Every structure is written in C-alpha cells, then in structure tokens.
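Me: Can you walk me through the aromatic rings in this one? I'd like to know who sits next to whom.

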Amino acid sequence: MLKNLAERKGINIGCCVNNRYLNDKNYTETIKREFNIATPEYELLFKHIHPSKGKYKFDLADKVILFAIKNKMKIRGHPLVWHHEKFGLSKWIIKGKFTREEFIEILKDHIRALMERYKGKINEWNVVNEAVDDNNKLREGVWLDNIGPDYIEMAFRFAHKVDPKTKLYYNDYCIDDLNKKSDAVYKLMKNLLKKGVPIYGIGLQMHLLEELYINPESVEKNIMRFKKLGLEVGITEMDVRIRKPVTQEKIENQARIYGEMLKVALKTKCNTFIMWGVSDAHSWIPWCYKDYDAGLIFDKNYKPKPAYEKLKEVLM
Ligand code: XIL
C-alpha cells in the first residue's frame, strides 16, 4: 500500500485514471489499494469535453471524478489549456475563424465551465500544459497564434478569478532536470511571477526513458530553483519507458530510476508523485512510441514490478 507509506512522508502518490477501464476489477482494486490522488487521463481534454462552441460534455470526466471521490482520492485536473491538435483540441477551434477577442472569450468560457463544474472536487489544476516547444520558445498553436503570448497569464489570472482557492500549476515535459528547456520554463515562470500572475506550482511530467541516464542531483537542483521562486513542485505524469525487447536487466534499471526520482521528490518536498497509468496493460507508451513498452510499476497482470518494490523501499 504505497499511499499509507506516502502519507506518512507528506507526499501524495497517484496515477492517471481512464474511464474505459473502470469496469476492470484488477485496475480499480489496484488504484484503490495503492493511490490517494488521481488525474483523469484524457476526459478533461478540450477535444472530449468541449466538442462544439460553448457546448460541454462532462459524462466521461464525471465518471472518473466520481470514482476518485468515492474512494477518497484527491483529484488533479489536467489540463485547462493545451496546444495539442491531435490529442488536445477539437476541429471547431483549430479551424475556427474567430477574432482575437472571440478566442479570448472561448478560452475564458472553457476555463470557467470546467472549474465551476468541478469546484470543490478538483482542488489543483494544470492550467497551462506544454507551452514551451523543443526549441525552448513559446509553442505555436491555436492559443499563441490567435491570442499571443499573453494567453498564458490570461489563463492563470482567469482561473484564479473563477476559484481563488484552487492551486494552479504550469505543467510540461523534459523539464525534470537542468537543461535548456527547463531554463526556458524557469525564465517564463520568473517573469510571470514578477508580474503577479497567480501560479501556485509547477508540474514536472517526468516521462523518462530507461536507456537515458538522468542525474538525480540535476533534478534536485532544478526542483530547488523552482522552489526558490516560491513555487510548489509536483511530479505529474511519471513513466520510464523501456526499448523493446524488455529484459530483466532493463526492468531492474527502471526500478532504480523510479527509486531515485522518488528519493529526490521526498528530499525536495515535492507535494505529489503521479504516474501516467497503473499497469503495463493500459498505457499510452505502446501507442505513442512503437519501439517502447513497460513504463509503469505493475506488469500486464497487475503483478508489482521491481519498480513498485523500489518505491515502497524508498517510502519506508
Ligand atoms: C496522453 C494520454 O495518455 C492520452 O490518453 C491522451 O489522449 C493524450 O496523450 N503529456 C500529457 C498527457 O500532458 O496529456 C499525455 O497523455 C502524455 C504526455
């Protein structure tokens, strides 16, 4: 039971939860037993929840949120604003011919609709997801192209207005250790905070590769610089994907990486450690990266992997 150990250490431990698997007992029992925080995997994405202008479809997100509440789990909302055309956005907005003012209204309406629907249930939100691209510039896409760079601060300010009590996060990938992208995000956060933008914390997605060395000291320094800005830090989407063929040696190395990252998270007092799934039976890895598999801490039969044992050991 990771959650009992984690609670004693003052950190939340969890996973993303997908409504499609909620009738699978292995899936739900594992989540209930091990985790105390859930993120709906895709149900809150614009594409699914806002299928036409001003019309919202909450049924799938409601299912996941109800499951989490029933099982006394905290909920992290993900995300309010994302550029991703394939996963994130609906055609009506990608192709939409609107003025800048109308885009701003759509953004605000979207934030208002989701936050009000789940007020008091979702108490932390990834407000803006992946706004920095792989060249460390603000990422092009519907929001930046039609509103301009201000869309980021607008989103935070507006979310804060809707519910001043909710903890608002910026979330991104490849910003786990010290590198050019985390430098860019650090600068972005620093500037926004200087302007008084209500950002509560930063989410490090931590989608890692078993074959790539990640230096725990560098992760620690990175987390600490965000903390020095006054931000809370959470690990929000961790997995450690393994290049096929998956071998015992790689599985052991994966366990080491999980353990080291949790150790750093505890040392730096991160508030959450969320993994992007429960078991290797259901994970985005094989469908997004065809040469990779087995990124999570339970195997396809929900048997704990060495990574699970390692997390337990670190939490003891
Ligand atoms: C993945 C999910 O697993 C899918 O279900 C979803 O449709 C989109 O892609 N960074 C993110 C997540 O912020 O939303 C992504 O999730 C993984 C990468």
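**Rings and their neighbours**

Reply: Let's start with a charge over a ring: R241 lies over the face of Y289, 3.7 Å from the ring centre. Keep in mind that this is a predicted model.

Me: Which ring does Y289 pair with, and how are the planes set?

Reply: First the total, which is 14 aromatic pairs. One of them is Y289 with Y292, an edge-to-face pair with 6.4 Å centre to centre and 85 degrees between the planes.

Me: Is Y292 buried or exposed?

Reply: Y292 is buried, because its relative accessible area is 9% and the cut-off for buried is under 20%. Y289 has 27% relative accessibility, so Y289 counts as partly exposed.

Me: OK, what about F298 and Y308, how do their rings sit?

Reply: That pair is tilted, because the planes are at 50 degrees, with the centres 5.1 Å apart.

Me: Where in the fold are those two?

Reply: F298 is in the loop between β11 (292-293) and α13 (306-315), while Y308 is in helix α13 itself, so the pair ties together parts ten residues apart in sequence. Both F298 and Y308 are buried.

Me: New topic. Which residues do ring pairs link into a cluster?

Reply: F46, W92, F98, F103 and W143 are joined that way.

Me: Back to charges: which ring does R76 lie over?

Reply: R76 lies over the face of Y169, and the distance to the ring centre is 4.0 Å.

Definitions and conventions: Residues are numbered from 1 along each chain as its sequence is written. This is a predicted model: local features need pLDDT of at least 70, side-chain atom pairs count only at pLDDT 80 or more; totals for chains, interfaces and linings use all residues. Side-chain values use heavy atoms; hydrogens and water are left out. Rings of Phe, Tyr and Trp (its six-membered ring) pair if their centres lie within 6.5 Å; planes under 30 degrees apart count as stacked, over 60 as edge-to-face and the rest as tilted. Buried means under 20% relative accessible area, exposed over 50%, partly exposed in between (1.4 Å probe, protein chains only). Helices (H or I, at least four residues) and strands (E, at least two) are DSSP runs, numbered from the N terminus. A charge sits over a ring if NZ of Lys or CZ of Arg is within 6 Å of the ring centre and within 35 degrees of the ring normal.
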